[in-house]
Amino acid sequence: MLRGNFGIMKRFASTWSFEMKVINPEQSPVLREFINIAPPPPSLVAQDPQLTGEQDLHIPGLPAWVNKTNHFGRQDSSLDCNFYDFPRLVTHIDDSAIASLTQFYSEAVTPGSVVVDLCTSWVSHLPSNTKYSKVVGVGMNEKEMESNSILSEHHLQDLNTNPSLPFIDDASCDHVLCCVSIDYLIQPYKVFNEVNRILKPGGTFIISFSNRCFFTKAIFAWLMTNDPYHLYIVSSFFHLTQGWSKVMVMDLSNYTSPHLSDPLYLVEGTKADNE
């Protein structure tokens with residue numbers, strides 16, 4: 001349904017460092033605004049997968065008022081392990097958004113595949129009737145991950161202090177997920193390079209987010225911009241790292257419901273095939 005016969009608007013193929021696909025922008029005011037945001041300059045595409053600390057403090061192309069602060073600074077800069085020490089067995093998006101995300105996963109995450117769920121918790125929103133070869137969880141709370149029945153294994157790790165995944169082999173995963181957590185990463189370029197390392201060629205990195213967050217832990221660049229710029233920020237993380245052939249941007253929000261529901265946006269990057 002979501003990945004079938006839908007209109008695709010291709011933009012920026014010559015300016016993004018990958019093929020950019022924006023799905024059905026005519027149905028989403030957020031996507032219509034996003035496609036009018038200019039991509040980062042091609043000269044800023046990373047030449048070295050080990051980005052410098054200076055680059056990790058900057059997202060090019062944001063509005064001028066955002067550039068007056070550290071893009072990856074946060075109101076609460078204390079260790080995240082303290083903030084996430086207490087298990088939160090709650091969902092962070094509403095039932096309508098969860099249903100849209102699970103439906104997308106049912107079509108985009110291949111049965112029998114190896115899946116990594118970054119920043120996972122007690123639920124991964126994967127369809128319960130699909131069997132996967134392995135689902136590896138990486139998260140901040142042991143009790144939450146122990147309660148996540150779909151995980152085959154889990155690893156307690158703060159990606160903000162250690163963005164590497166040494167327990168996962170090169171080119172060994174089919175899909176990597178990151179649900180409603182991308183706005184908390186303070187070293188995203190390093191995380192994206194690591195995700196690219198563990199993905200098989202043609203594998204996908206699926207990032208979903210809404211307009212909810214723990215605002216004291218979200219990066220300043222996220223808090224100071226709107227949803228179209230949030231899509232731009234995530235797309236820029238792909239643009240400024242190596243090895244991506246295609247990025248697809250979608251708005252999965254339920255605009256037809258008579259009841260207010262959480263918006264849901266998705267950015268999916270595909271790892272380039274080996275040359």
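User: Does Glu194 count as buried or exposed, and at what relative accessibility?

Analyst: Buried means under 20% relative accessible area, exposed over 50%, and partly exposed in between (1.4 Å probe, protein chains only). At 12% relative accessibility, Glu194 counts as buried. Please note that this is a predicted model, in which local features need pLDDT of at least 70 and side-chain atom pairs count only at pLDDT 80 or more, while totals for chains, interfaces and linings use all residues. Residues are numbered from 1 along each chain as its sequence is written, and side-chain values use heavy atoms, with hydrogens and water left out.

User: With which residue does Glu194 form a salt bridge?

Analyst: Side chains of opposite charge can pair when their charged atoms come close. A salt bridge is a side-chain nitrogen of Lys or Arg within 4 Å of a carboxyl oxygen of Asp or Glu. Glu194 forms one with Arg197, the closest N and O atoms being 2.8 Å apart. The two are three residues apart in helix 5, and are therefore separated by about one helical turn. Helices (H or I, at least four residues) and strands (E, at least two) are DSSP runs, numbered from the N terminus.

User: Which residues are joined with Arg197 into one network?

Analyst: Salt bridges that share partners join Asp170, Glu194 and Arg197. In the pair of Arg197 and Asp170, the closest N and O atoms are 2.5 Å apart. Arg197 lies in helix 5 (residues 188-198) and Asp170 in the loop between strand 5 (153-156) and strand 6 (173-179), so this pair ties together parts that are 27 residues apart in sequence. Arg197 is partly exposed, at 24%, whereas Asp170 is exposed, at 53%.

User: How many salt bridges does the structure hold?

Analyst: The structure holds three. One of them pairs Asp174 with Lys200, with the closest N and O atoms 3.2 Å apart. Asp174 lies in strand 6 and Lys200 in strand 7 (residues 199-209), so they tie together parts 26 residues apart in sequence.

User: How many residues does the largest nonpolar core have?

Analyst: In soluble globular proteins, nonpolar side chains tend to be buried together. A nonpolar core is a set of buried Ala, Val, Leu, Ile, Met, Phe, Trp, Tyr and Cys residues joined through side-chain atoms within 4.5 Å. The largest one here has 51 residues, and Phe34 and Leu231 are among those with the most contacts inside it. Its largest share, seven residues, comes from helix 7 (residues 227-239). A second, separate core of 24 residues includes Leu101 and Tyr132.
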